[in-house]
Amino acid sequence: MFAHLTRCPHCREDIPKVQLSSRPPRTGGRLEVRRGLLYMLLAGVIQYFAGGYSSFTLPISVHPLITSYLAPLVFLSGLGLLIYGFYLRARS
């Protein structure tokens, strides 16, 4: 109803036009870099505790599949996100 007005009906002051962008703002890859570093840290923690490198013993047994495939997969996923984030950062 009032979307077409260019002046305030009460004080007669001009109403500025606002353009809404349909594109999300560019973050320059910062989100991907952070997420990649977090995944790499998570993989390191999984490997450290589940692989038996710490003096802390886990109350449950960890399947060797986790330390053989899951932790390296999470690490490589994080590395991929990190590289993609740096690519986006260099592009922007």
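These notebook entries record what I looked up in one predicted model.

**Basis.** I number residues from 1 along each chain as its sequence is written. In this predicted model, local features need pLDDT of at least 70 and side-chain atom pairs count only at pLDDT 80 or more, while totals for chains, interfaces and linings use all residues; side-chain values use heavy atoms, with hydrogens and water left out.

**Whole chain.** I found two helices and zero strands (DSSP runs, H or I of at least four residues for helices and E of at least two for strands, numbered from the N terminus). The C-alpha atoms fill a box of roughly 75 × 35 × 20 Å along the principal axes. Buried residues (under 20% relative accessible area, with a 1.4 Å probe and protein chains only) make up 16% of the 92 residues.

**Helix H2.** I compared the length of H2 with expectation: its 28 residues should span 40 Å at 1.5 Å a residue, and its end C-alpha atoms are 40 Å apart, which agrees (the expected span is 1.5 Å times one less than the number of residues). The buried residues of H2 include Thr 67, Ala 71 and Val 74. Their cover includes H1.

**Ser 54.** I located Ser 54 in the loop between helix H1 (30–50) and helix H2 (64–91). Ser 54 is buried, at a relative accessible area of 13%. Its side chain reaches the backbone oxygen of Phe 56 at 3.3 Å. Leaving aside neighbours within four places in sequence, I noted that Ser 54 is in contact (heavy atoms within 4.5 Å) with Tyr 48 and Phe 49.

Key
Buried < 20%, exposed > 50% of the residue type's maximum accessible area, 1.4 Å probe, protein only. Polar contact = N/O pair within 3.5 Å; in protein donor to acceptor, adjacent residues only side chain to side chain.
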